[in-house]
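Let's take a walk through this structure together, starting with its sheet and surface and moving on to its charged pairs.

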Amino acid sequence: MSPGVLRGVDRAAFAVAFAGRLRRAGIAAGLTDVDDFVRALAASPPESMSSLYWTARISLVRRHTDLAAFDRVFAAIFADPPPLPRPSRSTSTTDDHDDRYVRVPAGSDASGSGGGLPWATLPPAVAETAERDTALRLPERRPSALTGLADRPFDHLDPAQVTQLGDALRAAVVGWPTRRTRRHAIATGGTRVALRQTIARARRTGWEPVEVVRERPTRRPRRVVLLCDVSESMRAQATAYLHLMRAFAVVADAEVFAFATTLTRLTVVLRHTSAAEAVAQASAAVTDRYGGTRIATNLRALLTSHHVEAVRGAVVVIGSDGWDSDPPDDLAAVMARLSRRAYRIVWLNPRAGAPGFAPRVGGMAAALPYCDRMLPAGTFQDLLVVARQLQSVTCTDGRKWPTLTPAPRIIA
């Protein structure tokens, strides 16, 4: 506090103690009044006893009948103010300090002394020693647990680590893009006149359209369909891909399927509140896991089932290494049919991030011309990048993929 009547006094502690003396005298000085008193002392430090009196009276007294009691308490405290004790710095040579306010001898309210009020601030928290370490100390920044697991292969992770990274995937799938629909809704800032609602309201004004109702197109989340390969060649990545599918099933209301030799819908089981239970139920539901692979047959089964409407205008994500026992021509034909229905086709290949990778496998080479993009998905860091990039699929200019900014490695 600046030099004045209460020089060196802690404002908050003094205001609380003074309000306590007032309450014992019958004055209702509440927390709001004490806060006002502290703010008033900070805004205008009292330079005289008169200014302190009016600052306290304006802040703490709300009723005219309390003025007499306030004057008695104020006079009892400040009629003969005690000397302000000064903590000596020369005697503070150890780290053991009395963590209490320095007080004058306490007395009764009618004694005329200011006992019980904190007249001085706390002693210094750090003692001045002869040998002080003046070197600048900076906190050591260490990587989080996710940073050490992000680039580790899937088969080197235990179930607890996979679940932990699965939660990170779910947190990364936020702000799923929307698309414009053909339906319209009433909106104040709409650019189109809603004729039916405008005419209906004109009935009240002699068929004169005094109040024009406007509408604009509604928007819905972009559909997304995920298909995960759970064959023998994808054993190491199957569980991690299921966590990615669960993140989209919970956040983006996606349709998710797993396939090896047959197609299995996992949308319902992957929406379980527990990630571990959801993945366990999904693994049990897929009876042909870790077997052969028939990509073309399963894609054709999806396009001929009653779930085909989910594919129309959707972002289709296929997670597979491309090894297929079906002929490449069959896969090319079904991918061409799928590309005519889907909005975007993204292929996740766990081997695409390897140096010198080239899609020489027959199935992968046949499907690649119909994919909008093939992304590496060999680590959880790759899956986090995939989750961010899929949320950028919002453009409508033909089959051109939007310009994507490089995603950060991983949050610490």
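Helices (H or I, at least four residues) and strands (E, at least two) are DSSP runs, numbered from the N terminus. This is a predicted model, in which local features need pLDDT of at least 70 and side-chain atom pairs count only at pLDDT 80 or more, while totals for chains, interfaces and linings use all residues. Residues are numbered from 1 along each chain as its sequence is written, and side-chain values use heavy atoms, with hydrogens and water left out.

Leu195 sits in helix H7 (residues 195-202). Leu195 is exposed, at 59% relative accessible area; here buried means under 20%, exposed over 50%, and partly exposed in between (1.4 Å probe, protein chains only).

Now to the sheet: an open one of 3 strands in the order S1-S3-S2, with antiparallel pairing (two strands pair if DSSP finds at least two bridges between them). Strands S1 (178-186) and S2 (192-193) are at the edges with a single partner strand each, so one side of each has no neighbour in the sheet. Between S1 and S3 (residues 214-221) there are 6 bridges, and Thr178 faces Pro221 in S3.

Salt bridges (a side-chain nitrogen of Lys or Arg within 4 Å of a carboxyl oxygen of Asp or Glu) number 12 in the structure. One of them pairs Arg192 with Glu215 at 3.2 Å, N to O. Arg192 belongs to strand S2 and Glu215 to strand S3, so this pair ties together parts that are 23 residues apart in sequence. Arg192 is partly exposed at 44%, whereas Glu215 is buried at 10%.
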